[in-house]
Amino acid sequence: VLSTNPILPSDATIWVTDYIIQHYDVQTDTWYEYDSNNAGAATLSQVVPDQGYWVNVDSDRTVSFIGDAPGQRTVELFTGSNMIGWTSLTAKRMDIALWFIIDNVTGVECQDTTDVSVKLLRTCNIATESFEPGKGYFVDVTDYTQWEYPRNIPPVANAGTDQTVDQGDTV
């Protein structure tokens with residue numbers, strides 16, 4: 001979800017028909033769900049920025065959200081697997097995006113797209129893969145932390161052989 005505002009899962013003008021939206025909450029160890037064919041049993045009441053969601057639809061489609069793209073975000077990560085959504089409009093290599101909290105991160109999982117009809121995860125390579133706009137991930141942390149993103153690129157990670165970056169500078 002790239003919007004800064006919550007979106008109702010029941011809004012058929014966005015989702016069209018026959019869809020299921022699910023979100024995992026690490027704090028309660030619970031999957032929340034909205035099924036358009038069984039709305040009365042819904043446990044998911046809104047789709048909010050910074051959280052990740054599984055969206056299963058009956059046919060291929062593009063879902064567009066209207067709103068402002070979020071800027072820098074502070075996301076609370078709780079001990080365990082946190083389902084997050086990458087709300088930046090640009091991709092960012094995982095090791096750079098997680099730079100300031102990397103010592104607390106034990107892994108990142110993303111959807112294995114070899115069969116999108118099932119919830120199949122694979123371990124991401126943090127050193128080479130990127131968080132992609134609009135996609136969801138599980139970020140595993142050892143302890144509660146607040147993650148700010150997109151944050152200034154760390155000077156050490158951004159300095160190349162042809163430039164010097166002083167601590168505190170932005171690039």
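With which side chain does the side chain of Gln22 make a polar contact? In this predicted model, the partner is the side chain of Glu33, at 2.4 Å.

Gln22 belongs to strand E1, which spans residues 19–25. The residue is buried, because its relative accessible area of 13% falls under the 20% cut-off.

Apart from neighbours within four places in sequence, the residues in contact with Gln22 are Trp31, Tyr32, Glu33, Gly52, Tyr53, Trp54, Met83 and Lys119.

## The three-stranded sheet

Strand E1 takes part in an open sheet of three strands, ordered E2-E1-E3, with antiparallel pairing. Strand E2 (30–35) and strand E3 (54–57) are at the edges; each has a single partner strand, so one side of each lacks a neighbour in the sheet. On average, neighbouring strands of this sheet are turned by 15° against each other, direction ignored.

The antiparallel strands E1 and E3 are joined by four bridges. Ile20 has Asn56 as its bridge partner in E3.

## Salt bridges

The model contains two salt bridges. One links Arg93 with Asp95, with 2.7 Å between the closest N and O atoms. Arg93 is partly exposed, at a relative accessible area of 36%.

A salt bridge also joins the side chains of Arg122 and Glu129, with an N to O distance of 2.7 Å. Arg122 is partly exposed, its relative accessible area being 32%.

Technical notes: Residues numbered from 1 in each chain as written. Predicted model: local features only at pLDDT ≥ 70, side-chain atom pairs only at ≥ 80, totals over all residues. Heavy atoms only, no water. Helix = DSSP H or I, 4+ residues; strand = E, 2+ residues; numbered from the N terminus. Buried < 20%, exposed > 50% of the residue type's maximum accessible area, 1.4 Å probe, protein only. Polar contact = N/O pair within 3.5 Å; in protein donor to acceptor, adjacent residues only side chain to side chain. Contact = heavy atoms within 4.5 Å. Pairing = 2+ DSSP bridges. Axes fitted to C-alpha atoms, helices over the stretch in contact; angles between N-to-C directions. Salt bridge = Lys/Arg side-chain N within 4 Å of Asp/Glu carboxyl O.
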